[in-house]
Amino acid sequence: MTHSFGKPLTRNEDPRLLRGEALFVDDVELPGLLHVAFLRSPHAHARLLSVDLGAARARPGVIAAYAAEDLGDYWKPGPLLVPPPPVPGMVFHQCCQVPLVKDKARHVGEPVAMVVAESRYIAEDALGDIAVEWEVLDAVGDLEAALQPGAALVHEHLGVNVAAKVHQHRGDYAAAAKAAALVVRRRFTYDRGASIPMETRGVVAQWDPRADRLTVWDTTQAPVVIRNGLAAMLGLSERQVRVVAPNIGGGFGPKMMMFYPEEVLVPWAAMRLGRPVKWIEDRLEHFFATTHERSQIHDAEIALDASGRILGVKDVFLHDNGAYDPYGLTLPLNSQCTLLGCYVVPAYDSVFTAVFTNRTLVTPYRGAGRQHGVFVMERLLDIAARQLGIDRNEIRRRNFIPPDAFPYDQGVIYQDFSRLSYDSGNYAPILAKALDAIGYDRFIAETQPRARAEGRALGIGVVCYVEGTGIGPYEGAKVQVQGSGKVSLATGIGSQGQGHATAFAQVVAEQLGVDIRDIEVTTGDTDQFYWGVGTFASRGAVVAGSAAHEAAKVVRQKILKTAARHFECAEEDLVIADGKVHVVGVPDHSITLGALAGLANPMRGAVTPGTEPGLEATSYFGPAGGATASGAHAMIVEVDPLTLRPTILDYVVVHDCGTVINPLILAGQIQGGVAQGIGNAFFEQLHWDEQGQLMNASLADYLLPTALDVPRIRMDHTVTPSPLNPLGVKGAGEAGAIPVGALFAQALEDALDLPSKEIEILEMPLSPSRLWEISNGG
Ligand code: MCN
């Protein structure tokens with residue numbers, strides 16, 4: 001058999017992407033295509049008094065202009081995408097975004113009016129013709145001030161800015177704190193960043209009156225969910241809507257949001273006008289209108305005995321929700337659950353308050369709230385280790401969940417609404433490998449003292465984390481052997497650069513014995529695969545990969561059955577390899593899979609009762625629970641004593657994502673995640689003024705790491721297969737990004753020798769100027 005599963009094969013999809021031949025949404029050109037521009041609120045919080053579209057409508061080349069009242073019955077808030085978790089006693093207020101502002105704008109950039117014109121230029125010019133009267137209100141930005149009596153209200157009818165309050169606890173934290181030899185209490189803050197995919201969002205929609213069908217090309221991570229939602233919102237049947245998510249230049253979570261106003265308005269306009277309509281987000285719009293992530297304030301404490309064993313953790317935190325909450329509580333719930341990390345925490349008491357603010361909405365962004373939990377826990381452990389005089393790695397070792405304790409029940413409700421249970425793991429070898437690879441002992445004994453003697457500020461950091469991956473509910477896959485001998489595989493998830501076309505082909509190739517170059521994978525087209533959920537939570541490999549495996553297994557059986565009839569032999573005597581089947585020991589006498597597909601779909605005679613024509617199968621896979629990946633990141637950093645600019649001298653990732661499908665793709669995923677993590681830890685931060693105006697909404701002002709800032713990442717893996725899926729895989733898509741903040745904080749503290757001055761880094765992200773203030777006691 002041709003084995004490709006587990007091999008570092010280059011990606012099937014790359015040649016087309018590299019040659020610039022791949023279809024992205026903006027490449028969709030259709031006869032009679034119209035273009036859209038949106039008038040957006042310039043205010044963070046303002047009552048809309050009037051909108052006058054007269055002059056815009058009169059501009060030559062403008063086909064239509066719409067405000068909220070023009071939408072009629074189609075004006076309604078979008079759906080709640082993720083219902084609140086079943087945590088007893090929780091509070092949750094649902095306030096979903098509307099397509100166009102009707103009564104008041106709740107963040108800068110919220111769409112107020114839409115102009116459809118013969119070109120984008122004309123549409124943009126017409127925005128200047130629209131007269132809007134506003135009554136500007138106080139903006140809610142600061143999380144703590146938002147909860148004070150008398151604060152301006154984002155949603156007046158609620159009477160508060162509380163979007164949700166969720167308390168989860170197990171064990172008796174008060175007793176743990178009372179019995180503790182040490183209790184460390186600190187305030188940690190994690191500030192907002194934007195997601196900056198190379199490709200911004202975009203939608204093209206076409207209504208075909210002959211077929212009564214709507215086709216929508218959308219930069220979405222969840223085409224099936226968009227199809228279903230659009231059908232409901234536009235009064236169509238699901239069969240009347242086709243959503244295609246073609247090649248997408250990065251999604252990272254925000255393109256999972258369902259629905260953005262533009263995603264509904266563009267198809268609606270295409271149906272109403274009977275002409276195809278396109279909207280491509282520009283970068284400025286992206287900063288205001290595409291979801292953000294990150295802002296949280298944690299007041300956390302850890303109680304330990306004198307040997308450094310954790311007795312309990314308490315955390316009270318605020319989460320910035322932005323102006324609406326269609327995404328439910330996924331983010332703060334992830335923070336709440338991921339804080340527990342790789343450790344035995346006998347008592348846990350955590351309560352979060354999600355706060356409405358006059359800022360852009362938040363949805364998951366690579367890591368999806370997990371960064372915060374890891375940052376808080378790893379920082380608490382660092383501080384506790386220092387105060388107890390225990391080595392920072394040793395305190396982690398002493399608290400690791402032991403390998404024989406899995407499945408490990410964490411006793412809290414997770415984002416998939418099940419009780420969080422780690423399926424498998426073995427953390428000590430991961431930490432040992434990371435320490436070894438980074439040369440920890442030698443660095444502490446020799447390198448750092450020598451560097452300090454030379455006046456150089458070198459520091460080392462090592463942190464551990466878990467990543468909840470591979471959650472349900474399900475994905476499906478259809479595998480089909482064509483008469484040409486080529487194999488097709490279709491699944492309902494979309495791809496944004498993860499290499500699915502190759503990795504899933506490797507899964508199928510393992511069963512069907514074909515070259516992966518002969519397997520054509522289609523993702524993100526609802527006409528190709530009807531059911532699905534989406535690409536998020538590092539679930540593609542686990543859930544869609546397993547569905548592909550199951551479907552390929554059934555096709556393999558069909559191949560064997562058909563070939564056994566053909567050769568008049570037992571199925572057990574057959575070998576499938578190199579796209580052919582032969583009887584054991586007679587490789588020269590073979591039949592191709594294509595010929596077998598023909599036999600399975602005969603033009604004469606009869607198909608045997610109980611047999612289906614063709615060599616194809618559709619299977620679904622729904623995991624019983626998430627697959628918990630884990631890892632350790634280690635870094636050596638040098639800080640310029642004058643500018644406080646850090647340079648990463650070495651970076652090591654040791655990672656366990658169970659069985660690996662393609663080590664090359666995995667390496668790319670980790671490398672990309674770390675680069676994003678570095679951005680989030682040291683470069684990317686959104687700055688707002690008191691009126692809720694975003695001050696750095698451009699790539700000149702919002703800093704991204706460049707190739708010079710991202711080092712070569714050295715990687716190693718351990719393999720603890722997941723018992724919850726047939727491949728034993730765990731996800732890996734977010735692992736690179738999750739622990740980088742915690743790692744930076746530890747390594748920078750070490751480099752600047754801050755503990756000797758009793759200075760701690762308790763916030764993310766950092767910058768040279770902020771580091772200067774912190775190290776000078778600010
Ligand atoms: N993989 C593997 N072996 C494993 C695990 C994963 O070979 N044990 C491979 C998979 O087959 C897949 C890739 O690694 O090709 C990522 O798989 P997985 O971890 O299952 O993640 P998803 O496919 O669900 O992708 C989503 C994940 C998330 S949540 C974010 S955010 C993210 C990420 O992937 N966004 C990305 N990686 C990204 N990469 C690119 N280029 N662009 C994005 O938008």
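How much space lies in the second largest pocket?

Reply: About 570 Å³ of space lies in the second largest pocket. The model is predicted: local features need pLDDT of at least 70, side-chain atom pairs count only at pLDDT 80 or more, and totals for chains, interfaces and linings use all residues. Residues are numbered from 1 along each chain as its sequence is written, and side-chain values use heavy atoms, without hydrogens and water.

A pocket is an open set of points on a 1 Å grid over the protein atoms alone, with protein on both sides within 12 Å along at least five of seven lines. Points are joined across faces, edges and corners, and the volume is what probe spheres set on them fill.

The pocket is lined by 29 residues (an atom within 4 Å of a point). Asp142, Asp191, Ser295, Arg359 and Gln685 lie nearest its centre. Helices (H or I, at least four residues) and strands (E, at least two) are DSSP runs, numbered from the N terminus. α19 gives the most, with three residues. By class, the lining has ten nonpolar, nine polar and ten charged residues. Asp, Glu, Lys and Arg count as charged; Ala, Val, Leu, Ile, Met, Phe, Trp, Tyr, Cys and Pro as nonpolar; the others, Gly among them, as polar.

A cavity is a set of points where a 1.4 Å probe fits but cannot get out. The whole structure holds four cavities of 30 Å³ or more.

Last, packing. The axes of α10 (residues 370-388) and α11 (residues 392-399) come within 9 Å and cross at roughly 115 degrees. Axes are lines fitted to C-alpha atoms over the stretch in contact, and angles run from 0 to 180 degrees between N-to-C directions. From α10, the contact (heavy atoms within 4.5 Å) takes Glu378, Leu381, Asp382, Ala384 and Ala385. From α11, the contact takes Arg392, Ile395 and Arg396. By class, this contact has four nonpolar, no polar and four charged residues.
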